[in-house]
Amino acid sequence: MQTFEAEITKEENGRLTFLEIPFDAREVFSIPKGTIYVKGRINEVEYRSKLLSRGNDVYILVLNKELQKQVGFQSGPMPVKVTMSAEKEEINGPLKEMETAASGIDVITAIRERRSIRKFQPRPVDETILYTVLSAGLQAPTAKNKRPYHFIVIREKETLEILASQNHYAVMLRDAACGIVVCGDRNIEGNKEFLYEDCAAATQNILLGAHGLGLGAVWCGVVQNSDWKKLIIDTLNLPLKIEPVSVIALGYPDECRQAEERWDSGKVHFDRW
């Protein structure tokens, strides 16, 4: 258990409210790699979260709106006393291999019926259903079968809030049961065009799998060199050369969108233009 004094600060752009850890958390907590999950107290308020890296062995603890309210943070710098220890296990551990769920919709019907869903019911997604959706993503075709994609499942509400608050096209993440960030590994696939295509195929598989299992989902694109992409990388502590390509908001739908006929003969060409 570490005890220290710190200062809660809000970034000038309003993106994050955080306190900086005055030591090398990876070394002190003996966690050589991976996410550092922590728990403790800020003044007398309990918290349970994870640390974000700012590079050069500097780590911060981000305070969501609820925690800010509990500790009484307003706007200016606020000195606090912090206790912190490392969690022995991840807050949401990796899914273990399990049986997949069956879909009652054939693939052509799923393709024709699927629509982007932006309103969700306040209920979690069963792990078997989630595992099945992720398995669908892992079945996507890739160039030379390199399979460079990784899926980061976000179920922490504070993390979803961070991502939603900085992109008005992704505000639905606030109410989603979870988010899935589809990333590509440039160590495996160095060709960016192939990397994006592989991740796009995985994203579409996830969307179709979700619809076939009664879930709703929407694809949020990640613009390269954008502030949102940088925020995703920082918030999720992505390693070098792991590139976020899309973010999927996922959950049980709280809206019904009708299928549309989208056949357009003007977009179909035979043999040549």
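Predicted model: local features only at pLDDT ≥ 70, side-chain atom pairs only at ≥ 80, totals over all residues.
Residues are numbered from 1 along each chain as its sequence is written, and side-chain values use heavy atoms, with hydrogens and water left out.

The domain assignment of the protein chain gives domain 1 (2-86) and domain 2 (107-251); such bounds come from an automatic or database domain assignment. The centres of the two domains, taken over C-alpha atoms, are separated by 27 Å. Contact, defined as heavy atoms within 4.5 Å, involves 13 residues of domain 1 and twelve residues of domain 2. The size of an interface is often given as the accessible area lost when the parts come together. Here the buried area is about 1,000 Å², of which carbon and sulfur atoms give 48%; this is the accessible area (1.4 Å probe) that two parts lose on being put together, summed over both. In domain 1, the residues that lose the most area to domain 2 are Arg15, Lys50 and Leu52, together 45% of what that side buries.

Between domain 1 and domain 2 the count is two salt bridges, each a side-chain nitrogen of Lys or Arg within 4 Å of a carboxyl oxygen of Asp or Glu. Lys50 also meets Glu156 in a salt bridge, at 3.7 Å from N to O.

The UniProt record places the feature "domain: Nitroreductase" (unreviewed entry) at residues 111-160 and 165-252; UniProt positions are given in the numbering used here, feature names are shortened, and annotations may be inferred rather than shown by experiment. Residues 111-160 are 38% helix and 12% strand, with end C-alpha atoms 27 Å apart. For residues 165-252 the values are 35% helix, 27% strand and 21 Å. Helices (H or I, at least four residues) and strands (E, at least two) are DSSP runs, numbered from the N terminus.

Helix H5 spans residues 157-165, and its buried residues are Thr159, Leu160, Glu161, Ile162, Leu163 and Ala164. Buried means under 20% relative accessible area, exposed over 50%, and partly exposed in between (1.4 Å probe, protein chains only). The buried residues of H5 pack against several elements, including strand E4 (45-55), helix H2 (65-71) and helix H7 (227-235).

The structure holds twelve salt bridges. One of them joins Arg174 and Glu161, at 2.9 Å from N to O. This pair links distant parts of the chain, 13 residues apart, with Arg174 in the loop between H5 and E8 and Glu161 in helix H5. Arg174 is partly exposed at 33% relative accessibility, whereas Glu161 is buried at 19%. Glu46 forms a salt bridge with Arg41, the closest N and O atoms being 3.1 Å apart. Glu46 is exposed, at 56%, and Arg41 partly exposed, at 32%. A network of salt bridges links Arg41, Glu44 and Glu46.
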